[in-house]
Amino acid sequence: MTSAHSKLYSDDVSLVVVVVDTNPFFWAGASLPFAEFFSHLIHFVNSLLLLNHLNHVVVIAAGVSSCAYVFDSSNVGASGTADVAATLDKASRKVEEFIKQDARETASNGTVAAGGAASLFSGALSIALCYIQRIFRSGTRHPQPRILCLQGSPDGPEQYVAVMNSIFSAQRSMVPIDSCIVGTQDSAFLQQASHITGGVYMKPQELNGLFQYLAAVFASDLHSRTFLRLPKTLGVDFRASCFCHKKTIDMGYVCSVCLSIFCKYHKKCSTCGSEFSRVMPDLNSMPDQRQ
């Protein structure tokens, strides 16, 4: 990836890539209907575009089985203005089409259980980073990039490796990952993402005022953030997911060669093939020594 240090940034111009959770399993039981949530998001997008006519906003939908672009402000008229009604109508149609297509793909896969379906945030983060890298390579002067994740569904432990790779790629490219949780559960993945990349993690207490939260916390550019007191995460869940069963664990075995994590002892690493002659004790039979 292109190093961010070699680029000349515009202090008050932002490139915001918004990743939106469109998981139907979550929104079917959410306290805030998806239509109202998306309306809050569209008004937030328009507020970003009104703050500076050079601001660039991209919205990526993350479904259960796929992810896709649903809005790109670079496709708005040459005048740079964004009409709220026209933007909402066009983006809403794209989101509806995406949700239907994602539902068909999910049904054809037949591997997702309705009770624990996670959105494909690993793919959405990869797309967001690729888009930002394309902007990096487009010229010597570009806006300050950042990613905003709006997540409601629970984390998918099977996506742990891919998500962490995206987080470290964002850190290397100096791209903060902001997180706004609209579900009932905190996200360990996004807590780590915001902590590692220097972004903001927030879980609004009242979703009916979601636009106010977004505008007050996530609308400010990176230069202005140095003068603001933004919310700070009280604690970060640094637990990892094992590579064998894709489960979140507190204690496990780590391969000394490739650093793969396993919940049970293996004589041979399934990732790099390294063999271990020393027999390790079963962690499940050991007393809990955590403080």
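This is a predicted model: local features need pLDDT of at least 70, side-chain atom pairs count only at pLDDT 80 or more; totals for chains, interfaces and linings use all residues.
So, cavities: searching the whole structure turns up 1 cavity of 30 Å³ or more. By cavity I mean a set of points, on a 1 Å grid over the protein atoms alone, where a 1.4 Å probe fits but cannot get out. Residues are numbered from 1 along each chain as its sequence is written, and side-chain values use heavy atoms, with hydrogens and water left out.

Back to the cavity. The largest cavity holds about 90 Å³ of space, where volume is the space filled by probe spheres set on the points, and grid points are joined across faces, edges and corners. Its lining has 13 residues, and Phe121, Gln151, Asp155, Gly156 and Phe189 lie nearest the centre; a lining residue has an atom within 4 Å of a point. Helix 4 (121–136) and helix 6 (188–197) are the elements that give two or more residues to that lining. Helices here are DSSP runs of H or I, at least four residues, strands are runs of E, at least two, and both are numbered from the N terminus. By class, the lining has 7 nonpolar, 5 polar and 1 charged residues, with Ala, Val, Leu, Ile, Met, Phe, Trp, Tyr, Cys and Pro as nonpolar, Asp, Glu, Lys and Arg as charged, and the others, Gly among them, as polar.

Next, salt bridges. How many are there by this rule? The count is 2, taking a side-chain nitrogen of Lys or Arg within 4 Å of a carboxyl oxygen of Asp or Glu. Arginine 146 meets aspartate 178 at 3.9 Å, N to O. Arginine 146 is in strand 4 (residues 141–151) and aspartate 178 in strand 5 (residues 177–181), so this pair ties together parts 32 residues apart in sequence. Aspartate 178 also meets arginine 225, at 2.6 Å, N to O. Arginine 225 sits in helix 8 (residues 222–225), so that pair ties together parts 47 residues apart in sequence. Aspartate 178 and arginine 225 are both buried, meaning under 20% relative accessible area, with exposed over 50% and partly exposed in between (1.4 Å probe, protein chains only). Through shared partners, Arg146, Asp178 and Arg225 form one network.

Last, cysteines. Disulfides, meaning cysteine sulfur pairs within 2.5 Å, number 0 in the whole structure. Cysteine 149 is buried at 0% relative accessibility, while cysteine 272 is partly exposed at 36%.

Note on methods
On a 1 Å grid over the protein atoms alone, a cavity is a set of points where a 1.4 Å probe fits but cannot get out, and a pocket is an open set with protein on both sides within 12 Å along at least five of seven lines; lining residues have an atom within 4 Å of a point.
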